[in-house]
Each structure stands twice: as structure tokens, then as C-alpha cells.
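Please work through the following exercises with the sequence and the model at hand. Each task is followed by a solution in steps.

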Amino acid sequence: MDQAVLFLLFALAMLAGWFGHRSLALALFGLSFVLSVADYFHHATDALPLSF
């Protein structure tokens, strides 16, 4: 679900850039990038239940 929200934010940033709203596109891209990094660290720090 969180990746779907990130995808929509990136898509909105691309649409804003396509239609000429440069500052809105940069703001949406920055927000989506920060949220992507936060989502990555959220999942990267999960312990893996490995048993060998």
C-alpha cells in the first residue's frame, strides 16, 4: 500500500512537470523521494527470520 502511494506521488510530480507547474513538481518529487528513503529504511531494518 505504501508503494502505491509513492507511485502516485511520483506520477503526480511528473504530471505537474508536464503541465508546467515547476515548483509544485519539485515539491512533490522532493516529498516522494524523502518518503521513498524513509520507506526503504523502514523495510531495510526489519530482522529476517532465517534458520539454517
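The model is predicted: local features require pLDDT of at least 70, side-chain atom pairs count only at pLDDT 80 or more, and totals for chains, interfaces and linings use all residues. Residues are numbered from 1 along each chain as its sequence is written, and side-chain values use heavy atoms, with hydrogens and water left out.

**Exercise 1. Helix span**

Determine what span helix α2 should have at 1.5 Å a residue, and compare it with the distance between its end C-alpha atoms.

Solution. Helices are DSSP runs (H or I, at least four residues), numbered from the N terminus. The expected span of a helix is 1.5 Å times one less than its number of residues. Helix α2 covers residues 22-44, that is 23 residues, and therefore should span 33 Å. Its end C-alpha atoms are 32 Å apart, in agreement with that value.

**Exercise 2. The buried side of α2**

Identify the buried residues of α2, and state which element they pack against.

Solution. In α2 the buried residues are Ala25, Leu28, Ser32 and Asp39. These buried residues pack against α1 (2-18).

Take Ser32 next, a residue of helix α2. Ser32 counts as buried because its relative accessibility is 0%. Contact means heavy atoms within 4.5 Å; with neighbours within four places in sequence left aside, Ser32 is in contact with Leu6, Leu9 and Phe10.

Now consider Leu6, which lies in helix α1. Its relative accessible area is 9%, so Leu6 is buried. Not counting residues up to four places away in sequence, Leu6 touches Ser32, Leu35, Ser36 and Asp39.

**Exercise 3. Aromatic rings**

How many aromatic pairs are there, and which residues do ring pairs link into a cluster?

Solution. Rings of Phe, Tyr and Trp (its six-membered ring) pair if their centres lie within 6.5 Å. The count by this rule is three aromatic pairs. Ring pairs link Phe10, Phe29 and Phe33 into a cluster. Phe33 lies in helix α2 and is partly exposed, at a relative accessible area of 47%.

**Exercise 4. The nonpolar patch**

Which residues form a nonpolar patch on the surface, and what is their accessible area together?

Solution. A patch of this kind joins nonpolar side chains (Val, Leu, Ile, Met, Phe, Trp, Tyr) within 5 Å, from residues with over 30% relative accessible area and no salt bridge. A salt bridge is a side-chain nitrogen of Lys or Arg within 4 Å of a carboxyl oxygen of Asp or Glu. The patch consists of Phe29, Phe33, Val34, Val37, Tyr40 and Phe41, with about 630 Å² of accessible area together. Among them, Val34 is exposed, with a relative accessible area of 54%.

Conventions
Helix = DSSP H or I, 4+ residues; strand = E, 2+ residues; numbered from the N terminus. Buried < 20%, exposed > 50% of the residue type's maximum accessible area, 1.4 Å probe, protein only. Patch = residues over 30% accessible without salt bridge, like charges linked within 9 Å, V, L, I, M, F, W, Y side chains within 5 Å. Areas by Shrake-Rupley, 256 points an atom, 1.4 Å probe, with all protein chains shown as cover. Phe/Tyr/Trp six-rings, centres within 6.5 Å; stacked < 30°, edge-to-face > 60°.
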